[in-house]
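Here is a brief report on one chain. It starts with contacts, moves to overall dimensions, and ends with a single residue.

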Amino acid sequence: MSGALVSLKAVAESIVLDPKYHDLLAVIKGARNGAVYGAKVRFPHALVTIMLFRSGTFREKAWLIFRATKTHARNLAKFATIYKATSLLLRSYGSSPGKEGPYDSFIAGLLGGYVVFGQRSARTGKISSVSQQIVIYVFARVALALARLAVKPGHGPAVLTADPRRSAAISHYAWPVFASVSWAAVMHLFRWHAAELQPSLRNSMTYIYTNSDSWDGLRTFLWHNK
């Protein structure tokens with residue numbers, strides 16, 4: 001390594017390790033980590049679902065995989081940037097400068113969610129399927145977390161948490177009820193209102209439950225649906 005590169009590396013190292021730049025660099029690294037994570041998560045998912053369930057040439061499928069991966073990575077990078085930058089501003093200029101407020105994370109998340117995931121395409125007027133999938137994924141985990149908090153002493157309503165036995169019973173039976181009602185609802189919707197389901201879910205359910213109803217020989221029974 002040349003002397004110039006060594007010097008440049010040393011300067012860069014001193015900048016990234018300087019505490020006065022930490023908050024700003026945390027925003028940049030948040031964007032980087034969001035992009036990397038989004039690409040890692042979306043690429044294998046898109047590779048499998050598009051190759052198995054989408055029609056078209058290999059080139060068309062490759063383009064769809066690239067576009068879905070890019071959208072997921074970009075959205076998470078943008079959200080991380082907005083969230084961390086907003087949190088920094090609220091901490092610096094809020095009611096208690098230098099101290100995080102109790103609702104800073106909520107406000108920053110609200111802004112990031114609206115800007116990144118709440119917008120419709122200017123070209124089509126629709127919400128992208130990638131954004132829908134990410135938001136639905138987050139919503140499902142939020143619902144589960146809130147359900148746990150509802151029966152947690154000190155957090156949930158007294159009617160649920162005052163009696164430890166009642167709280168334990170609810171925790172024990174909540175998941176079986178949630179799982180069975182969720183599957184009952186999705187199968188009913190698929191049977192009578194399939195068009196309202198998210199496209200990737202509808203496609204996978206069509207493959208499993210509808211395409212298994214017909215075949216015209218051993219080949220379409222064991223290997224191909226058509």
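Two residues are in contact when heavy atoms lie within 4.5 Å. This is a predicted model. Among the contacts in the chain with a separation of 6 or more, 45% join residues 24 or more positions apart.

The secondary structure is quickly told. The chain has nine helices and zero strands. From the N terminus on, the elements read α-α-α-α-α-α-α-α-α.

Next come the overall dimensions. The radius of gyration of the chain is 24 Å, whereas a compact globule of 226 residues would come near 17 Å. The C-alpha trace spans about 70 × 65 × 35 Å along its principal axes.

The table collects values for the chain as a whole.

| Property of the chain | Value |
|---|---|
| Radius of gyration | 24 Å |
| Share of the 226 residues that is buried | 19% |
| Distance between mean positions of positive and negative charges | 4 Å |

The charges deserve a word. The chain carries 28 positive and 10 negative charges. Their mean positions are 4 Å apart.

Now to one residue. His72 sits in helix α3, which covers residues 58-93. Is His72 buried or exposed? His72 counts as buried because its relative accessibility is 7%, and the cut-off for buried is under 20%. Which residues does His72 touch, leaving aside its neighbours within four places in sequence? The contacts of His72 are Gly38, Val41, Arg42, Val130 and Ile134.

Notes: Residues are numbered from 1 along each chain as its sequence is written. This is a predicted model: local features need pLDDT of at least 70, side-chain atom pairs count only at pLDDT 80 or more; totals for chains, interfaces and linings use all residues. Side-chain values use heavy atoms; hydrogens and water are left out. Helices (H or I, at least four residues) and strands (E, at least two) are DSSP runs, numbered from the N terminus. The radius of gyration is taken over C-alpha atoms; the globule rule is 2.2 Å times the number of residues to the power 0.38. Buried means under 20% relative accessible area, exposed over 50%, partly exposed in between (1.4 Å probe, protein chains only). Lys and Arg count as positive and Asp and Glu as negative; His and the chain ends are not counted. The place of a charge is taken as NZ of Lys, CZ of Arg, CG of Asp or CD of Glu.
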